[in-house]
Amino acid sequence: QCPKKWKKMFCTLCNSKNHSRERCPSIWRVYVVKEDTQKQSLPMHALYCYNCGSKGHFGDDCPKRRSSRVPNEDGSSFSGDNLSQPLK
Amino acid sequence: TLNSDYPWILNHDHSRQKEIADWLTMEIKDFVGYISPNKNEIETRNRTISKIRQAIKQLWPDADLNVFGSYATDLYLPGSDIDCVVISKNSDKENRNSLYSLASHLKKKKLASRVEVIAKARVPIIKFVEPESQIHIDVSFERTNGIEAARLIREWLDDTPGLRELVLIVKQFLHSRRLNNVHTGGLGGFSIICLVFAFLHLHPRIITNEVDPMDNLGVLLIDFFELYGKNFAYDDVSISVSDGKPTYIPKSDWKDLNTRGTFTLAIQDPGDPSNNISRGSFNLRDIKKSFAGAFYLLTNRCFELDMATFKDRLGKSILGDVIKYRGKAR
Ligand SMILES: [Zn+2]
Ligand SMILES: [Zn+2]
């Protein structure tokens, strides 16, 4: 067993247990949002899944078994969680 | 010093940016500005093409010369070849006799040196260097699909902010890893454009019209490498770019495709839905690995610089080790 496993990891920026504060994706996953937010809507017909190819959901939210063998521990940009508050 | 390795950061220091993603966005714009051709280079290129066009019309009055590929869409790196095609109204010029007569005509007119005639390839071409400008030129014959593709890409560039910038960065990245040559299983220019085009049109923040891609090139570049390096299901999902509306299609729904359940990139040709334009990119394993590597390099660099003091950040590059630019100075 790796001794590091015993040390509890916790991110004080986003409350995740997958990484430490120094390696939080929220350090770089920062978007400059448009001033005019009136036009926002979630066009369900334009959502496609990188994991199964079907319409209506993002890849991170796919109910099917993950196809890629590279792990996605912290979640990616292709997730319902990556939308701004009013759209979630 | 550091600066001579990363010439695009000279006089463009962004180390005091509060958000590391904004610093990366600005550095991407600086790099694109740095590798974009200046007025002299554009004039030299145009003059060279028109000299060769005149010479071809002199030999064959029914023929014309068209430029396609990266030169026609302004998506080229310094020193890349110009792709041209000879189209004629009356007769088919794609035969061995025409290839050799054009080659010797150009040599006689002192418009071509280091001439190679590749007559037996699937697409027969003449490769040469124009002596005055030293530009490398490839000429093929009677094939209009390249011209069609260039027209389509110009439309995409008009309606997709950020496409040009991200394509140039990804091209330079793959070039530095020798993964951009289709002959050795790498990703061709059109495949790279399709990957970036689909990425931008399917990104959650872009489809909801929350962000302007030009203000977010930094985070979008990392998101691109994350998608195609870590998450995309190459075994099960293909990409369609028809009608200017990129979508995914389960490989099982693409009837003519025979790579269902196998680790291959599949991009449907907008001009021929049965054709997979990326079928030559057999080295997908290294391509995916290199994209994941770029994701880790960029994010690690962001973490490192985010913790550093402003003094330690001064004159640093985020992009430098990712794109490893070693081209001629501009
Ligand atoms: Zn965190
Ligand atoms: Zn799915």
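Modeller: A polar contact is a pair of N or O atoms within 3.5 Å. Keep that cut-off in mind. This is a predicted model, so every value here is computed from it.

Biologist: Which residue does the side chain of Ser15(B) make a polar contact with?

Modeller: The partner is the side chain of Asp13(B), at 2.6 Å.

Biologist: Where is Ser15(B) found in chain B?

Modeller: Look in the loop between helix 1 (2-5) and helix 2 (20-35).

Biologist: Is Ser15(B) buried or exposed?

Modeller: Buried means under 20% relative accessible area. Ser15(B) has 1% relative accessibility, so it counts as buried.

Biologist: What does Ser15(B) touch, not counting residues up to four places away in sequence?

Modeller: Its contacts are Trp23(B), Phe310(B), Arg313(B) and Leu314(B).

Biologist: Now the rings. What describes a pair of aromatic rings?

Modeller: Two values do: the distance of the centres and the angle of the planes. Over all chains, the count here is 19 aromatic pairs. Take Tyr228(B) and Phe232(B): their centres are 5.6 Å apart and their planes stand at 50 degrees, so this pair is tilted.

Biologist: What kind of pair do Phe232(B) and Tyr234(B) form?

Modeller: Planes over 60 degrees apart count as edge-to-face. For Phe232(B) and Tyr234(B) the angle is 70 degrees, with centres 5.0 Å apart, so the pair is edge-to-face.

Biologist: Are Phe232(B) and Tyr234(B) buried or exposed?

Modeller: Both are buried. Tyr228(B) is buried too.

Biologist: Which residues do ring pairs link into a cluster?

Modeller: Among them are Tyr228(B), Phe232(B) and Tyr234(B), along with Phe173(B), Phe199(B) and Tyr248(B). The cluster also includes Phe78(A) from chain A.

Biologist: Next, the metal. What angles are ideal for four tetrahedral donors?

Modeller: The ideal is 109.5 degrees. At the zinc ion (ligand 1), the angles among the four donor atoms run from 104 to 115 degrees, and the site is tetrahedral.

Biologist: Which residues coordinate the zinc ion (ligand 1)?

Modeller: Cys11(A), Cys14(A) and Cys24(A) each give SG, and His19(A) gives NE2. The distances are 2.1 to 2.3 Å.

Biologist: What spacing do the donors of the zinc ion (ligand 1) follow along the chain?

Modeller: Read it as C-x2-C-x4-H-x4-C.

Biologist: Is Cys24(A) buried or exposed?

Modeller: Cys24(A) is buried, because its relative accessible area is 1%. Cys14(A) has 38% relative accessibility, so it counts as partly exposed.

How values were computed: Residues numbered from 1 in each chain as written. Chains lettered and ligands numbered in written order. Predicted model: local features only at pLDDT ≥ 70, side-chain atom pairs only at ≥ 80, totals over all residues. Heavy atoms only, no water. Helix = DSSP H or I, 4+ residues; strand = E, 2+ residues; numbered from the N terminus. Buried < 20%, exposed > 50% of the residue type's maximum accessible area, 1.4 Å probe, protein only. Polar contact = N/O pair within 3.5 Å; in protein donor to acceptor, adjacent residues only side chain to side chain. Contact = heavy atoms within 4.5 Å. Phe/Tyr/Trp six-rings, centres within 6.5 Å; stacked < 30°, edge-to-face > 60°. Donors = N, O, S within 2.8 Å, 3.2 Å for Na, K, Ca; no water. Tetrahedral: all angles 85-135°; square planar, octahedral: opposite > 155°, others 65-115°.
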